Amino acid sequence: MSGLKQKLQERILAERPRTEKLLKEFGNVKVDEVTIGQIIGGMRDIKSLVTDISYLDPYEGIRFRGLTIPEVLEKLPKEPQYEMPFVEGFFYFLLTGEMPTKQEVEEVHKEFNARKDVPKYVFDVIRAMPLDSHPMTMFSTAIMTMQKDSVFAKEYHKGIKKTVYWEAYYEDAMNLLAKLPEIAAFIYRLKYRNGDIIPGDPHLDFGGNFAHMMGIKKPYDDVARLYFILHSDHESGNVSAHTGHLVASALSDIFYATSAMLNGLAGPLHGLANEEVLRWLHGVMDTMGGKIPTEDEMKKFVNDTLDGGKVIPGFGHAVLRKTDPRYMAQREFCLKHLPNDPLFKYVDLLFKVVPDILLARGKAKNPWPNVDAQSGVIQWYYDVKEYEFYTVLFGIGRALGVSSNIIWSRALGYPIERPKSLTTKMLEDAAAGKKSD
Ligand code: CMX
């Protein structure tokens, strides 16, 4: 058994009694009440999921396994020549809750390396798709093609015990995660670089190898590491994380669950917002003839967009009530590496003008920027100018968090998810204080 799996097993055995005790002794304790507004309003804020991988405080932002983003970036092992930590170490930390040593990071790297070869048929299927397919469609399809090799699906049919389901999910997750950078880079080079594919380099780490296969020089390797870490998890109620959890709760394997979560991520109100931000910004830039707008001119663009019934992409959040720390981490990177980039200046100007406008209009509960407001700017700067690809990058990162959550859900024996629906009449009766017939 690998070091990571061994450590995970120890953690699982230590954690299981906590869940069992809660369920057995405190199963009837109330933690929340549900209003009609929440039922109609997308189940906003209803406390009904459990995860220890990350927690999203509305005012502080995300904590991964109890650590803030700056703490994670500082404490995880990294090489002196890199600015950002290894994705491999971060995955170890997400899964086990323990900070890995350099040697443990190296072991995860070796484990990914041993599993990273992408079967030829995956590339054949991608090549067979129309070249103008959205890269998220290609990415999701590529993952589905590999479902036939799911360890869990095979083991389940052999009749393995429920207590070891997590092991088969772990095997599937490692097999899948190891292949994602190459599949994503393949889609990128096929679609946007005339099919000039760059083979991977086994000596490079997860982020470094991705940058290499994309054909982009330093510090894009650090951009990749930062990007995958920042996008990994945002507790489990967001569309992608929740979809992954829900699908796997039916004991669909990691391949089905990851493909499904990517399909949710591909929506413009979720992961596609980073693409929308750049499209919108370039619209503003074109109208301005490339000149940096004054604050007043920018305010007019924002107001025109809102008057046209559209949202300002990259602003607002269902849970957060302050500036997203994932936005701030990327802003710091921009201030260091691309402070004079015109697009970055646009984004910074938006940061100045949008919150007051959204506040004045009084609709958005959170007027502050989210992760997507800043991420496309960095990609554009390093020559990834095809914005429809940005959500694929988000998807690689999110797969790390979703897999971790799914492995733990199986380890703790969470059942198939099944909330209860009501009819509109039942809600009307509840509103009138009547019991429904
Ligand atoms: N621009 C304009 N209006 C906005 C807005 C924005 N950025 N953010 C919220 N609003 C509006 C909503 O559309 C809603 O209007 P209606 O009542 O007319 O439908 C109202 O304000 C209240 O919304 P809310 O409760 O503050 O926000 P929600 O929880 O419903 O939605 C989100 C959250 C992210 C979908 C929304 O803020 C939005 O559409 N933002 C722009 C898209 C975006 O950046 N998405 C990425 C989020 C991060 C991620 O998941 O990747």
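## A first look at the helices and the core

Helix 17 and helix 18 run roughly antiparallel to each other, because the angle between them is over 145 degrees. Welcome to this predicted model.

**Helix 17 and helix 18**
- The two helices, residues 342-361 and residues 372-381, pack at an angle of about 170°, and their axes lie 9 Å apart.
- On the helix 17 side, the contact is made by Leu343, Phe344 and Val347, which meet Ala373, Gln374, Val377 and Trp380 of helix 18.
- Of the residues in this contact, six are nonpolar, one is polar and none is charged.

**Helix 14**
- Helix 14 covers residues 273-287, and at 1.5 Å a residue its 15 residues should span 21 Å; the end C-alpha atoms are 21 Å apart, so the two values agree.
- Its buried residues include Ala273, Val277, Leu278, Trp280, Leu281, Val284 and Met285, and also Asn274, Glu275 and His282.
- These buried residues pack against helix 11 (220-230), helix 15 (295-307), helix 17, helix 18 and helix 19 (390-411).
- Just after helix 14 comes glycine 289, with a positive phi of about 60°.

**The nonpolar core**
- The largest nonpolar core holds 126 residues, and Phe210, Tyr220, Leu281 and Phe389 have the most contacts inside it.
- Helix 9 (residues 165-192) supplies the largest share of this core, with 19 residues.
- Leaving aside residues up to four places away in sequence, Phe389 touches Pro135, Ala184, Tyr188, Tyr192, Phe210, Met214 and Val384.

How values were computed:
Residues are numbered from 1 along each chain as its sequence is written. This is a predicted model: local features need pLDDT of at least 70, side-chain atom pairs count only at pLDDT 80 or more; totals for chains, interfaces and linings use all residues. Side-chain values use heavy atoms; hydrogens and water are left out. Axes are lines fitted to C-alpha atoms, for helices over the stretch in contact, and angles run from 0 to 180 degrees between N-to-C directions. Helices (H or I, at least four residues) and strands (E, at least two) are DSSP runs, numbered from the N terminus. Angles under 35 degrees count as roughly parallel, over 145 as roughly antiparallel, 65 to 115 as roughly perpendicular and the rest as oblique. Contact means heavy atoms within 4.5 Å. Ala, Val, Leu, Ile, Met, Phe, Trp, Tyr, Cys and Pro count as nonpolar, Asp, Glu, Lys and Arg as charged, and the others, Gly among them, as polar. The expected span of a helix is 1.5 Å times one less than its number of residues. Buried means under 20% relative accessible area, exposed over 50%, partly exposed in between (1.4 Å probe, protein chains only). A nonpolar core is a set of buried Ala, Val, Leu, Ile, Met, Phe, Trp, Tyr and Cys residues joined through side-chain atoms within 4.5 Å.
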